[in-house]
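Hi,

Here is the model I promised to pass on.

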Amino acid sequence: MIITSGGRHALFGVSLGALATLSALPANADQITFVSQGGAYQKAQTIAILDPSAKKLGITINQDSIPDAWPAIKSQVASGKPTWDVVDVPTGYCLRGGEQGLLEKLDFSKLPNGAAMPEAYRSPYSVAYEFYSSVLAYSQKKYTAEAAPNSWADFWDVKKFPGRRALRNHPIATLEAALMADGVAPDKLYPLDVDRAFKKLEEIKPNITVWWTSGAQSAQLLNDGEVDMVMAWNGRVSALTKEGAKVAYTYNQGILQSTSLCILKDAPNLATAVRFLNEAVDPVHQANLPLHIDYGPANPKAFDTGVIKPERVAQLPSAPENARKQALMSYAWWSSPAGEAAEKRWVGFMQK
């Protein structure tokens with residue numbers, strides 16, 4: 001059974017058999033087990049990337065789904081007999097897993113599609129797979145287009161922009177927003193000045209109505225009018241707009257985040273996993289993904305394929321014009337000792 005995710009993706013219920021890419025191949029055909037996060041997101045990537053890749057490579061892609069794969073990755077590798085091959089997880093897990101010997105080091109001579117991507121989009125153990133953004137979203141009932149908040153400085157300005165606010169109960173992206181609110185340029189954030197970020201957060205903390213813990217909650221708060229502005233994932237807000245909600249968001253000072261593909265150490269189908277990973281970031285497959293869900297391709301060459309219409313390009317977080325307005329998340333910093341210390345400090349901040 002596919003386990004549906006409670007994260008930034010909308011949910012759907014579907015059995016593993018319904019999702020698995022099972023073409024008419026002999027029982028001993030090349031295969032992999034691919035793991036992602038469930039929901040509408042996994043359904044979209046099945047149509048856009050997994051099925052076409054399986055057909056092109058002549059392989060079978062069996063799927064599993066779990067909201068948080070990190071504990072399972074550790075236990076599978078520790079067992080010495082992992083059953084998963086390729087996992088689609090938040091990029092920070094790929095970096096941490098590589099450092100801890102849980103993942104295969106990638107040979108980019110066998111991954112030409114990955115090798116051609118920007119260096120910031122890959123690591124020795126992973127390749128970016130798709131992008132989403134933490135954005136400033138707001139109620140159009142509360143703020144007119146001419147007087148809407150358009151930066152984190154605006155979010156922090158409770159006099160000029162009165163209203164109820166919500167932030168995520170997690171330091172990742174929230175510390176970046178605080179620093180941009182304090183005047184740090186999006187391309188000058190790292191290494192994060194953690195003391196400065198928490199000082200800025202102390203300033204806004206009394207004005208935060210809700211510290212949300214799930215993507216669904218953030219969208220519901222805005223949709224129900226419980227808050228007037230919120231940090232939210234772009235896909236959650238765009239889903240509301242499609243339903244007719246009077247909400248909007250800006251990519252200005254968004255935090256561009258990614259999931260990545262990585263391969264478990266001693267994966268049972270290693271050679272086939274490498275072939276699949278390269279195919280999964282093929283520009284055409286990547287360009288197909290945003291035709292089915294509101295997340296952006298990780299391979300910039302997807303925007304040169306002509307598959308994505310200009311009006312759709314304008315909506316995507318990783319589109320060149322939108323990416324230029326945002327901060328690119330440094331997962332390397334967050335997986336460093338400084339990043340881990342910031343996560344621990346967050347717990348104390350929330351308990352005050």
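One definition before anything else: I call a residue buried when its relative accessible area is under 20%, exposed when it is over 50%, and partly exposed in between (1.4 Å probe, protein chains only). Please keep in mind that this is a predicted model: local features need pLDDT of at least 70, side-chain atom pairs count only at pLDDT 80 or more, and totals for chains, interfaces and linings use all residues. Residues are numbered from 1 along each chain as its sequence is written, and side-chain values use heavy atoms, with hydrogens and water left out.

Element names follow DSSP runs numbered from the N terminus, with helices being H or I of at least four residues and strands E of at least two.

Most residues other than glycine have a negative phi, and most peptide bonds are trans. You'll find Gln253 in strand β9 (residues 247-263), and at 15% relative accessibility it counts as buried. Ala173 also has a positive phi, near 80°. Ala173 sits in the loop between β6 and α7 and is buried too, with a relative accessible area of 1%. Then there is a cis peptide bond between Tyr190 and Pro191, with omega about 0°. Pro191 belongs to the loop between α7 (174-181) and α8.

Around β8

How much of β8 is buried? Five of its five residues are. As for its neighbours, I count two strands as paired if DSSP finds at least two bridges between them. Strand β5 (residues 126-139) runs antiparallel to β8 over five bridges, and Val135 is opposite Ala232 there. β6 pairs with β8 in the parallel sense over two bridges, where Ala166 has Val230 as its bridge partner.

Salt bridges

Side chains of opposite charge can pair when their charged atoms come close. My criterion is a side-chain nitrogen of Lys or Arg within 4 Å of a carboxyl oxygen of Asp or Glu, and the whole structure has 13 such salt bridges.

One of them joins Arg164 and Asp228 (3.6 Å, N to O). Arg164 is in the loop between α6 (152-156) and β6 (165-168), and Asp228 is in the loop between α9 (215-223) and β8 (229-233), so this pair ties together parts that are 64 residues apart in sequence. Arg164 is partly exposed at 40% relative accessibility, whereas Asp228 is buried at 7%.

Another is Lys352 with Glu202, at 3.0 Å from N to O. That pair links distant parts of the chain, 150 residues apart: Lys352 is in the segment after α16 (337-351) and Glu202 in helix α8 (residues 194-204). Lys352 counts as exposed at 69% relative accessibility, while Glu202 is partly exposed at 32%.

Glu321 and Arg324 also form a salt bridge, with their closest N and O atoms 2.7 Å apart. Here Glu321 is partly exposed, with a relative accessible area of 48%, and Arg324 is exposed at 61%.

Finally, Asp182, Arg196, Lys200 and Glu203 are linked in a network of salt bridges.

Cheers
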